[in-house]
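Trainee: Please take a close look at one part of this model for me. I would like the disulfide bonding and its surroundings in one connected account.

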Amino acid sequence: QGQLVESGGGLVQAGDSLQLSCTSSVPYSRVYAMGWFRQAPGQERQFVAGISRSGGTKYDDSVEGRFTVSRDNAKNTIFLQMNTLKPEDTAVYLCAAGGVLTSTVRHWAYWGRGTQVTVSS
């Protein structure tokens, strides 16, 4: 079946940077895109950024210019470099994998358990 494992979360101050990683063991043939979502308490899961197998990227407007998604295909790993963090970025960040690069939650087939990112003001 495969799984996704995130790492790199933590507690930082506003303006700081943080990098998340996600390693996938999902069969390569089943994964065209990998991405990041986030979910704050009491809120819906929100698309953050994603990257296709060919390197195409997609970002939510709220992180465009501050966050960068990248991937290492040889290691089946993606990264999320988060710069100029804001308190409103505080959430559990979840890695996802699937067959299409989209911001729609239901189109992603595989999910990690998430890693907490907390940004203090």
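Mentor: Start with burial: a residue is buried under 20% relative accessible area, exposed over 50%, and partly exposed in between (1.4 Å probe, protein chains only). This is a predicted model, in which local features need pLDDT of at least 70, side-chain atom pairs count only at pLDDT 80 or more, and totals for chains, interfaces and linings use all residues. Residues are numbered from 1 along each chain as its sequence is written, and side-chain values use heavy atoms, with hydrogens and water left out.

Now the bond. A disulfide is a pair of cysteine sulfur atoms within 2.5 Å. The count by this rule is one. Cysteine 22 is joined to cysteine 95, with S to S at 2.0 Å. The link of cysteine 22 and cysteine 95 is left-handed, at -80° about the S-S bond. Cysteine 22 sits in strand S3 (residues 18–24) and cysteine 95 in strand S9 (residues 91–98), so the pair ties together parts 73 residues apart in sequence. Strands here are DSSP runs (E, at least two residues), as helices are (H or I, at least four), numbered from the N terminus. Both ends are buried: cysteine 22 has a relative accessible area of 0%, and cysteine 95 is at 0% too.

Next, arginine 66. It lies in the loop between strand S6 (57–59) and strand S7 (67–72). Arginine 66 is buried, at 11% relative accessibility. Beyond neighbours within four places in sequence, arginine 66 is in contact (heavy atoms within 4.5 Å) with residues including Gln81, Met82, Leu85 and Asp89.
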